[in-house]
Amino acid sequence: MTQAVRLAGVAKTYGPVRAVDGIDLSIGRGETVALLGPNGAGKSTTINMLLGLAEPGEGVIEVFGRSPHEAVQAGKVGAMLQESGFAANARVIEIIELARALYKHPLPTAEVLATAELTEVARRRVDKLSGGQTQRIRFAFALAGNPELLLLDEPTVAMDVESRQSFWAAMRRFTATGRTVLFATHYLAEADDYADRVVVMAHGKVIADGSGSEIKKMAGGRTMSFRLNGTGDGLADLPGVTAVEVRGDRILLRCDDSDAAVQALIHSGRAYRDLEITGAGLEAAFLTLTSANGKE
Amino acid sequence: MMTYLKYEVLRVLRNGAFTGYTVGFPVGFYLLFTVVFDQSPVGGSAFDAYYMVSMALYGAIGTALTGVGAPIAMERSKGWTRQLALTPLRPGRYLLIKIAAASVLSLPAILAILLCGKLIHRVDLDLGTWLALVPALWVGALPFVGLGIAIGYTFRDESAQGVALAAYFLMSVAGGLWMPTVAFPAWLAKVSEVLPTYRAGELSWRLIAGESPFSGGALILAAWTVAFLGLAAWRFRRAS
């Protein structure tokens, strides 16, 4: 079976800016993938190219084995973009009915409204709704055609914490039906929590690709810190430790195996105090990855 | 197609300014110049009938330019055209829907003015002529749908509405819709003859005078129609 998405050697230049600088990426059917990176990393450009809204300067893009434009025309792709919106004076339900009418095999209206949690505001005018609700209309519009691939550019950007959670719950219901989802985000927790796979982008390149925990491991796993009476010599040689940093009176040990490092620290008989071990979290992982890339 | 057309029509009808410009103004003008002032016959037709079709066309052109065409600028800035670009809707379909919406939405103005003529001034036309007036007015408004779409795809928000209004008033006055060209100085009457507003009006003026709507002037209207629809298609492609 063909991949849902395939990019090979894709690059896109806007004037002097190389927005996307040679990407190779394949996404299998049914995967939920986060495209993670800071602003200007090339996420939106990548999504626009996958929708046929921008042409790649170099390389090949396929969506379900055809060109992005053909895939959109065939109704296989639904998308939620930041710059998309709705003209005034239309009701939510009218927008959804219109979206459904544009596709051959739409989802039932009630299901679209329920999934996007819009049932209660179905009769309201779109221009009278909050940012979070508008964002859910975008989601409903993207869902209505029953697409096999959903592309979401920063989907939760205008939402408060509560709407964010209900949005992702709705998304889970959708992906449970075997659809493929690619979402761009710079919310690190979101990528970690909701994606099977995280693709990290920086400066137009893919700099890491793996599960959330793999990304964390790649960036050094955990950090152990403590105060020490005496010299820090030899700490770098402890098992599980990858780097040593001194910050004021605290010593920070970056660990790829913090369990082994703790054992070794205890057995070394050093007089340490105030021991703390913190998970790197995707945020730290992400910073490490992007800054490492910047030094090249 | 029908779902989208219905959506477009409902959405525009909810806009109060639209009803004002396209129904209120022409009806007001018609009553002002036929009830308040007394006028002599023009080109073999009673002024009441002549001005009735002038104002009906004025309303239909207003719909095309300010109700359907210029608001496209707003659709663009709000991201609606972007949203549609993510769907299988083909661009040709989109333009067809805009044209169809302009025709449907011009009906309130057309019918209101024709009713005023019939009820207030007892304008006497045979049934065939009454029925032929609606398509004649639609055909006359068609180039302005093209011009409106071109404006909507060229200018931004308020400036699009401003440009559309300027084109609307200038061409309506110079084309003899506000007052008949017989009242114009010779040079302005000459200008009128090449304008799409005058040639669009000619279709209906000929109809109520009992003539075939099509004369040599229809060719000039056809040329404007092709030119403005072409302009619309070009601006549309540039923007998408």
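How many salt bridges does the count come to over all chains?

Reply: The count comes to 22 salt bridges over all chains, where a salt bridge is a side-chain nitrogen of Lys or Arg within 4 Å of a carboxyl oxygen of Asp or Glu. This is a predicted model, in which local features need pLDDT of at least 70 and side-chain atom pairs count only at pLDDT 80 or more, while totals for chains, interfaces and linings use all residues. Residues are numbered from 1 along each chain as its sequence is written, chains are lettered from A and ligands numbered from 1 in the order in which they are written, and side-chain values use heavy atoms, leaving out hydrogens and water.

One of the pairs joins two chains, because Glu94(A) lies in helix α3 (residues 92-101) of chain A and Arg14(B) in the loop between α1 (2-13) and α2 (16-36) of chain B. Helices (H or I, at least four residues) and strands (E, at least two) are DSSP runs, numbered from the N terminus. The closest N and O atoms of Glu94(A) and Arg14(B) are 2.6 Å apart. Glu94(A) is buried at 13% relative accessibility, whereas Arg14(B) is partly exposed at 22%; buried means under 20% relative accessible area, exposed over 50%, and partly exposed in between (1.4 Å probe, protein chains only).

Within chain A, Glu62(A) forms a salt bridge with Arg6(A), with 3.5 Å between the closest N and O atoms. Glu62(A) is in strand β4 (residues 58-63) and Arg6(A) in strand β1 (residues 5-14), so this pair ties together parts 56 residues apart in sequence.

Finally, a network of salt bridges links Arg18(A), Asp21(A), Glu58(A) and Lys205(A).
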